[in-house]
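Trainee: I have the sequence and the coordinates open, and I would like to go through a few places in them with you.

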Amino acid sequence: MKLKLPNPGLDDRIPSHEDLERMETEEAGDRPKWDNKAQYLLTCVGFCVGLGNVWRFPYLCQSHGGGAFMIPFLILLVLEGIPLLHLEFAIGQRLRKGSVGVWRAINPYLTGVGIASLLVSFLVGMYYNTIMAWIMWYLFNSFQDPLPWSQCPLNANSTGLVAECARSTTVDYFWYRETLNTSAAIDDAGGLQWWMVLALFAAWTLLYVCCIRGIETSGKAVYITSTLPYLVLTIFLIRGLTLKGSTQGIKYLFTPDVDELMNPQTWLDAGAQVFYSFSLAFGGLISFSSYNSVHNNCEQDAVLISIINGCTSVYSATVIYSIIGFRATQKFDECQGDNILHLINAFDYPENSITIDNYDQVLTNLNQTNPDIIQGLPLKTCDMQNLLSQGVEGTGLAFIVFTEAIIKMPVSPLWAVLFFIMLFCLGLSTMFGNIEGVVVPLQDLRILPQTWPKEVFTGLTCLISFALGLIFTLRSGNYWLALFDNFAGSIPLLVIGFCEMFSVIYIYGIDRFNKDIEFMVGHKPNIFWQATWRVISPLIMIFILIFYFVTQVTKDLTYLVWDEEAANFPVLEARPYPSWIYVIIFILAGIPSLAIPIFALFKFFQRKCCKDKSYKDHPVDTISAKIEMNGKAKF
Amino acid sequence: MIAYADFKIESLAYFSKKMPNHVRWVLQQIKSRIERLNALFRPVMHYNCSAHHEGTNMTEEASNISSDTAAYPWSKNEMFLFRAALAFAMRDYTNGEEFGVSDIHPCDETKRVSFWFVVTRPNTTDLVDKGTVEMAIKKSRNRINGAFLLTDQTLEFDGIYPTLAAPVSPDTPPWLIVFGVVMGAVSVGIIALLAYPLVQRKLKKNKDADDEDSDEETGVKTAEIGANDGIYNSTFSDDERFTQM
């Protein structure tokens, strides 16, 4: 399919191959560069590998048929993830600009794609760093023994535990009450929670100090933030495998259920997970790759990073589920132990006469002989499968399920510190990419004076994001975050991703792109890349986009609240959103997506009405323009 | 000071076989039976315990339950220790009344290390009322636990609830300390990173002021420095420096 849309003036907007060679040898100073290849790879791996690998993928894997989920995941990884990644790397390396610069160079009407990336990076960065603030809060609280989420506080007159805590669990209470102090509805804003504001401030200032000069500083930080999570995961794996019940968890995770492959939702979730997990369409990857040398092998990088990302997902799923298995076994043993105790007390049996193994047998016997006594006892059903499938995604996994597992391990504070440091590093390295995706386009857009140093741009971004992010420190902050997570980081990204692919292949031109890659890497991209770029990946993206859109629009918009007065407390209750939320949803999802056509129209009208000033677009090519007067004069 | 708390401890340490066994003693409802007992018994030292409580006759009927050896090694000696500990508790509470081991009467021991007991005043057969015994046990609970190396969770007096230890709350929450450390490090980092280029620029300026040779590459070459490196074309030069008028 040799479709190519007309794109006049492209050669004037982009550096030619000769220009690139010249820039390569001369090392024009104003663009940052990577110190070495390892720094670049670690930064990209850090950006791609994030919290989603730890707390989204294991849940999807387990709920969509365990081992069988690997099949759609791997297929879509190869057909969707790797081609898109290669495309972003290649275009960034070729055009040597951030996202706005790249799309503006391809065609000024496409600047909207870059702006959409900027907006999405900004919105996602805002709420992602709030999650970092939560992680930091838990990290700060991990330096004590006993851990604060292992005990309920006493109530006002010290006669018992606080009711909310006694009815739910200590970890729930610590998360919903002492950390979030959550209200019962999104309308009920509550006030700013000062401890959360402090934690958010800490998160943003720490991010600022790492990103203050772009990749000069963040490039040093990634040596730690990208490698430490792997170390901690390994430590947890070893620790987890020595705990009782861990193998049950791993078995539960990987037990394949091939029927799930027939369910289209499985494929949709796999595709969405691949797309989001690669941090595509944020603009950060384009930026990072633009700092490479021109002849860097971006094809190899794309494949390598995709493999690393996929393997990390599977590895962290194994680790998480070994700990989940341990927790489930502990809870099962406790539950069963209570039942056994009730029986022993009721019938005065000697100790250890009933064990977990013969409990069922004994119960059936006793039910036949003394049914009335058995009825009177408060026996609970202990269901291992239920315990294994409990709330194991998102913040629920990290702050409720995993913390509960940690307090049951010996030397809990150590494991808590390690776990939260790992989550922190995972999130921080992703935030580097986000900040890159905001700051560089901001510089390219030339809204603010160019002479301002990069530190000011970064500082402004962090400051404004912090100020707006205070909404997440309200009592209803958790609900706002869920809203942002569902809408700001989903549909706009799919739209941008599709537009990126379409622009490069059909507006920039696949022929030109092939030649560029041949120039940069040394060989033309083979049939796999051609097929995926032109047909397969765009089709997959359209499918996912349409299905996602349809499911979002048709389902009732509800959110889960923590309400003490609810009937099923402590189970979260689903409540419908108030009607003004739809405006917010439109702002979050619609504005970045609509930025693309709106900006195209804006540019169109600008061109039309200012046609006489079009000479500005074509600078006169003279010799004197090429002489540089900054100390490197060539007389 | 032990504060009273009506809170029942739910779970017991079942999953570890190393933990001492759950031992349960049941305190008799003495107060309501004092009249009946006084009617029933003459002052003798020997008690028929089965008349003391109206519990249902729960015997071990299921035959397929094994092991009559308790995990906690219960023996007559242990029972003696219990009686001694309780006598101590009574002495401690009543400030000197000389309770002896013989004043504590256990009865209806089951295989499960669970039994009732009554307490009589020293040298008499008057029963001590339940309230007093309860208060005595509450006061010396730790000592009784300690005698058996058990805890509130593993040694239960039915009806006497263990007191709740208030969670330790330090003056400064530990998280604020860690927060302070992190913020301090971050502030130092920001200041250092922001000041570094300024300091570098200042050093460079000083270096420039010191040696002017760095101007060599730019600007026009003057006679002192190197204008004479090239070939001097003397076509247009005069022998005399000053023009003849």
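Trainee: Where in chain B does UniProt place the feature "transmembrane region"?

Mentor: Bear in mind that this is a predicted model, whereas the annotation comes from an unreviewed UniProt entry. In the model the annotated span is 100% helix and 0% strand, with its end C-alpha atoms 35 Å apart. The record places the feature in chain B at residues 175–199.

Trainee: Is Ile598(A) buried or exposed?

Mentor: Ile598(A) is found in helix 27 of chain A, which covers residues 581–609, and it belongs to a nonpolar surface patch that also includes Val583(A), Phe586(A), Ile587(A), Ile591(A) and Leu594(A), with about 550 Å² of accessible area together. Because exposed means over 50% relative accessible area and Ile598(A) has 54% relative accessibility, this residue counts as exposed.

Trainee: What is the relative accessible area of Ser140(B)?

Mentor: Ser140(B) lies in the loop between helix 3 (130–139) and helix 4 (141–148) of chain B. Setting aside neighbours within four places in sequence, Ser140(B) is in contact with Phe88(B), Ala89(B) and Asp92(B). Ser140(B) is buried, and its relative accessible area is 3%.

How values were computed: Residues are numbered from 1 along each chain as its sequence is written. Chains are lettered from A and ligands numbered from 1 in the order in which they are written. This is a predicted model: local features need pLDDT of at least 70, side-chain atom pairs count only at pLDDT 80 or more; totals for chains, interfaces and linings use all residues. Side-chain values use heavy atoms; hydrogens and water are left out. UniProt positions are given in the numbering used here, feature names are shortened, and annotations may be inferred rather than shown by experiment. Helices (H or I, at least four residues) and strands (E, at least two) are DSSP runs, numbered from the N terminus. Patches are made of residues with over 30% relative accessible area and no salt bridge: like charges are joined within 9 Å, nonpolar side chains (Val, Leu, Ile, Met, Phe, Trp, Tyr) within 5 Å. Accessible areas come from the Shrake-Rupley method with a 1.4 Å probe; for residues, only the protein chains shown count as cover. A salt bridge is a side-chain nitrogen of Lys or Arg within 4 Å of a carboxyl oxygen of Asp or Glu. Buried means under 20% relative accessible area, exposed over 50%, partly exposed in between (1.4 Å probe, protein chains only). Contact means heavy atoms within 4.5 Å.
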